Amino acid sequence: NSKWQLIKIRKKKCIMSTNVLVTRPSLPPMDEYINEIKDLWENYWITNMGEKHQLLQSQLKSYLQTDHIELMVNGHMSLELTLQAMKLQGEVITTPYTFVSTTHAIVRSGLTPIFCDIDPDTYTMDVEKIESLITDDTSAILPVHVYGNVCNIEEIEKIASKYDLKVIYDACHSFGETYKGKGVGSYGNASCFSFHATKVFHSIEGGAVCYREPELGKRLEYLKNFGIDGPESVLYIGANAKMNEFSAAMGICNLRHIEQEIEKRKHIDHRYKSHLEGVKGIKLRQEDPNVLYNYAYFPAVFESEFGATRNEVFDALAQEGIEARKYFYPIANSLECYRRRFDVSETPNALHLSNHILTLPIYSDLAVEEVDHICEIILKLQGKRLL
């Protein structure tokens, strides 16, 4: 009994000490959300593409600057059902430097992921390496916009056109961003977004597919609703991937505040940079002037010149109750469920980055004093102090 009591005490202390999370959901005023969902008690339509679903879909179509959009229950199903709706076969070239959902969606759709290494500066797919991976079995390219860094869209589209391949972007990190004045969701054959609670924009859980061809949208509508065509007709082997009305209502509320939320994150991003930019051994994201960023993440790479390893920085922050994240670590082609299927040495840039990256806390109401404190802890590891 005393052993279990000690474990409970330790767990409680750990929970209490974690006072700065790596991220925290943005919530609208409670009254605003309650007001938004009141009519659900009048019409009793709480799922199956009701009024909230339709309104959010229309608003996001405009905000994301896309011709077509389909809402989903989450970002993973957005990607998985898009792959299935395209009726792809064979191999899909993708990146190992991503959340495991990207790889799972490919494998669960009966396709084979072929991993392309990343550009060491942008962390997105290295376009110089794509063509060497294309075979007669390649059907698509699935690049990932990472930390808001937009992929080399022009080169990817050029390669895809040359070999007649589909392009599906995992855009879960780039909600609301534009590239050369166009919404990132308007590129490729399709772009998939996540509206998970930890994202810049969320609907508690949710996702969306932005797409070009109307025919793809028709198949997505079927696939997200069990493949049902009518009361007595099921055309496809589908899933249940519908966004419910409560999630859609949260999305409607959060969309009203999205610009303010991004502006707050931008301020925090710049505060970090004021302390860490130019520090020897710390590499920060370099912004592309063609991209309007959402400041969803603040990644920092700790190289040997810094004098402390990524793990040492992680541990030092944790001791002060600050939760950073080794994101992405491990990379997808080294995870237990995929070991012995892929050779991680074939993607050395991704492997190196995963061993040195740390995403620091960032959310809209993170106090600048906390940012200063985080940076002070980091710089002390190099023997420096903030003035």
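Is cysteine 192 buried or exposed in this structure? Cysteine 192 is buried, with a relative accessible area of 1%, where buried means under 20% relative accessible area, exposed over 50% and partly exposed in between (1.4 Å probe, protein chains only).

## Basis of the report

This is a predicted model, in which local features need pLDDT of at least 70 and side-chain atom pairs count only at pLDDT 80 or more, while totals for chains, interfaces and linings use all residues. Residues are numbered from 1 along each chain as its sequence is written, and side-chain values use heavy atoms, with hydrogens and water left out.

## Cysteines

The structure holds 0 disulfides, a disulfide being a pair of cysteine sulfur atoms within 2.5 Å. Cysteine 151 is accordingly in no disulfide, and the nearest cysteine sulfur, which belongs to cysteine 116, is 10 Å away. Cysteine 151 also counts as buried, at 2% relative accessibility. For cysteine 192, the closest cysteine sulfur is in cysteine 172, at 7.1 Å, which is too far for a bond.

Strands (E, at least two residues) and helices (H or I, at least four) are DSSP runs, numbered from the N terminus. Strand 9 covers residues 207-211, and because 5 of its 5 residues are buried, it is largely enclosed by the rest of the structure. In a regular strand the side chains alternate between the two faces of the sheet. Here Gly207, Val209 and Tyr211 point one way from strand 9, whereas Ala208 and Cys210 point the other way, and all are buried.

Two strands pair if DSSP finds at least two bridges between them. Strand 1 (residues 68-72) pairs with strand 9 in the antiparallel sense over 5 bridges, and methionine 72 has glycine 207 as its bridge partner in strand 9. Strand 8 (residues 190-194) is likewise joined to strand 9 by 5 bridges and runs antiparallel to it, with tyrosine 211 as the bridge partner of alanine 190.

## The largest pocket

A pocket is an open set of points on a 1 Å grid over the protein atoms alone, where a 1.4 Å probe fits and protein lies on both sides within 12 Å along at least five of seven lines; lining residues have an atom within 4 Å of a point. About 510 Å³ of space lies in the largest pocket, a volume being the space filled by probe spheres set on the points, which are joined across faces, edges and corners.

The lining comprises 28 residues, of which Phe99, Thr198, Lys199, Tyr297 and Tyr327 lie nearest the centre of the pocket. Helix 5 (75-85), helix 6 (100-108) and strand 15 (357-360) each supply at least two lining residues, and helix 5 gives the most, with 3.
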